[in-house]
Amino acid sequence: EEFCLTFLAITFYSFLKFLLKDKDISNFELFLNGIIAGFIFMIKFNLLGFWGAYIFAIFFLFLKSKEYKKLLVGLLYFLLGMFVVSFPFVLYFLINNSLNDFLYVYFYFNTFRYTGVVNNSFVISVFGYFYRLFISICYGKIINIFILIGIISFAFSKKYLLNRYNKVFFFIFIFIGSLGIYGIGSGFKY
């Protein structure tokens, strides 16, 4: 996960800039974040929750303001960025006749076999998410408590996130992103 921190910081900056400044984002920023999402997809796909929440928030606000063309063009730029990174990998595995092995090991094995998950119901996964998050905050390093306090104080500060939608999307961004870390599979001590 430490390889993904720089990518996460860039996207987090872009997301906050979008929420705090002008509710506008360039196609270049969407393309760049698509490239970053492509890297994350190839490094550790369960961290893509942050980018899912990022795209959801931006495109929801485009829908709300009825900017349909901007929504469609922005989505295409984002997906093009992901494609630019992912296509060489897919092409390599296709050329070497090992695409099925890649898909099995990278997705199926890492999701179900490696984690030891036996029951994949949604309720069990959500309960497991909150349990692992609670354990991480309470019994983990003291820094986790300060991170949680920082997130909450930032979100409820009257200085930064003034709009109700901004607060909701900020929490969705944090929740869905952490769901990919704490909510999938089993917890590991690092």
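Follow the chain from its N terminus, and the elements run α-α-α-α-α-α-α-α, which amounts to eight helices and zero strands, where helices (H or I, at least four residues) and strands (E, at least two) are DSSP runs numbered from the N terminus. This is a predicted model, in which local features need pLDDT of at least 70, side-chain atom pairs count only at pLDDT 80 or more, and totals for chains, interfaces and linings use all residues. Residues are numbered from 1 along each chain as its sequence is written, and side-chain values use heavy atoms, with hydrogens and water left out.

Next, show the whole chain: of its 190 residues, 34% count as buried, a word that stands for under 20% relative accessible area, while exposed stands for over 50% and partly exposed for what lies in between (1.4 Å probe, protein chains only).

Now select the aromatic side chains, among which the structure holds eleven aromatic pairs; rings of Phe, Tyr and Trp (its six-membered ring) pair if their centres lie within 6.5 Å, and planes under 30 degrees apart count as stacked, over 60 as edge-to-face and the rest as tilted. One of these pairs joins Tyr92 and Phe93 edge-to-face, with 5.2 Å from centre to centre and 75° between the planes. Tyr92 is exposed, at a relative accessible area of 51%, whereas Phe93 is buried, at 19%.

Move on to Phe102 and Tyr106, whose rings are stacked at 5.5 Å centre to centre, with 10° between the planes. Both residues lie in helix 5 (residues 99-113), four residues apart, about one turn of the helix, and both are buried.

Finally, select Phe45 together with Tyr92, Phe93, Phe102 and Tyr106, which ring pairs link into a cluster.
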